[in-house]
Amino acid sequence: MRLKRQWWRPKTAEVNCHEVGRVLQVYLDGELADQDAGLVAAHLDDCRLCGLESGAYERVKAALAQPMPEGADPEAIERLRLFGQGLAGD
Amino acid sequence: MIAKPRHQQRHSAAFGLGGVAHYAAPVAESAPEGVEQRDEAVAKARFDEYVLPEVDVMYRVAMSLTRNSADADAEDLVQDTLLRAFRAIDRFDGRYPRAWLLTILRNAQINRVRRKRPELLRDPDATMDRVADTSDGGRTAEELVVDMGFDAEVESAFLDLSDKLREVVQLVDIEGLSYQETADKIGVPVGTVMSRLHRARKKIKKRLQAAGMGPREAST
């Protein structure tokens, strides 16, 4: 995907926060065209607010990408449900 | 006060109370005779209504919460949480049961970290690498658990998404598919994949902020 520049801005100008905001997630997903990704990366290095926004999404992505830990036991949920029903005296 | 209205939760978070205690989960430490005095039929009905449907979410969150501590047992933690929830159910006002339960879960986990690693209280650095793979020192047991809780909160926000939104997050963020592959797999245009992803992640981020776990980078 390509970065869409705001129509009144010269193509050679550095990207601004608004333009970055629109493609930030696409950039983080690695789906932004290389030449545009460079522009976004440069902006994120310089702009504190966009950097924070980007960091927040990166943390969410990293947390989601973690695999379920080993030892996750599908039967445990059933055991816990039974335990809960036992507490409630069903 | 049990579960605060949403605007008050944000208010608490804004004043830096963090993600652990701002629901002020009522964890009953009372003796069994306190239990006998209440209306057991009502307590059971409320437990059935509010707690039992959340068991699988609680287990998955407990898995995330105990991921980094080698000797923690998610199933045990959920059992503990169920017990505490059952003791406290008559004081729960029925709002945001999942948030209430996850707060109890987190508090139970904090107690465990304290109990199993009392040295954490004296020297957080010494066991840092065993509890969490973070590098900044001098933090308390609560903060360590809050950090582990970040993953748990993301997990629970993910589970809370609608099926359509969860599907794209599952394929792109968890399974690592490209936008095009995701679009092909679920039979929608790439633009739809992108807009769903965007909405889903915004929701997750909003949840984190409401839980006082917004962009923590801001404070460091």
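**View 1. Confidence along chain A.** This is a predicted model, and chain A comes out with a mean pLDDT of 86. Of the residues in chain A, 92% reach 70 or more. Among its elements, helix α1 (residues 17-28) of chain A has the highest confidence, at 93. Helix α4 (residues 74-87) of chain A sits at the other end, with the lowest mean, 89.

**View 2. Helix α3 of chain A and its buried residues.** Here we zoom in on α3(A), which covers residues 48-65 and so counts 18 residues by the DSSP runs used to define helices. From its first C-alpha to its last, α3(A) reaches 25 Å, close to the 26 Å expected at 1.5 Å a residue. Its buried residues are Glu53(A), Ser54(A), Ala56(A), Tyr57(A), Val60(A), Ala63(A) and Leu64(A). As a reminder, in an α-helix residues three or four places apart point the same way.

View 3. Chain B has 220 residues, and 38% of them are buried. Take the contacts in chain B with a separation of 6 or more: 67% of them come from residues 24 or more positions apart.

**View 4. Where chain B touches chain A.** The contact draws on 36 residues from chain B and 28 residues from chain A. On the chain B side, the elements giving two or more residues are α3 (40-51), α4 (55-65), α5 (74-88), α9 (141-160), α10 (163-174) and α12 (190-210). Sort that side of chain B by class and you find 22 nonpolar, four polar and ten charged residues.

**View 5. The largest nonpolar core.** This core holds 33 residues, and Val40(A), Val168(B) and Val169(B) have the most contacts inside it. Chain A gives two or more residues from each of α1, α2 (34-46) and α3, and chain B does likewise from α9, α10 and α12. The largest share, six residues, comes from α12(B). Both domain 1 (6-159) and domain 2 (161-220) of chain B supply at least three residues each to this core.

**View 6. Around Val168(B), and a second core.** Set aside the neighbours within four places in sequence, and Val168(B) is in contact with Thr182(B), Val193(B), Arg196(B), Leu197(B) and Ala200(B). There is also a second, separate core of 28 residues; Ala76(A), Tyr59(B), Leu65(B) and Phe92(B) are among them.

Notes. Residues are numbered from 1 along each chain as its sequence is written. Chains are lettered from A and ligands numbered from 1 in the order in which they are written. This is a predicted model: local features need pLDDT of at least 70, side-chain atom pairs count only at pLDDT 80 or more; totals for chains, interfaces and linings use all residues. Two residues are in contact if their C-beta atoms, placed from the backbone, lie within 7 Å. Helices (H or I, at least four residues) and strands (E, at least two) are DSSP runs, numbered from the N terminus. Ala, Val, Leu, Ile, Met, Phe, Trp, Tyr, Cys and Pro count as nonpolar, Asp, Glu, Lys and Arg as charged, and the others, Gly among them, as polar. pLDDT is the predictor's confidence in each residue, from 0 to 100. The expected span of a helix is 1.5 Å times one less than its number of residues. A residue is buried if 20 or more other C-beta atoms lie within 10 Å of its own, exposed if 12 or fewer, and partly exposed in between; C-beta atoms are placed from the backbone. A nonpolar core is a set of buried Ala, Val, Leu, Ile, Met, Phe, Trp, Tyr and Cys residues joined through C-beta atoms within 7 Å. Domain bounds come from an automatic or database domain assignment.
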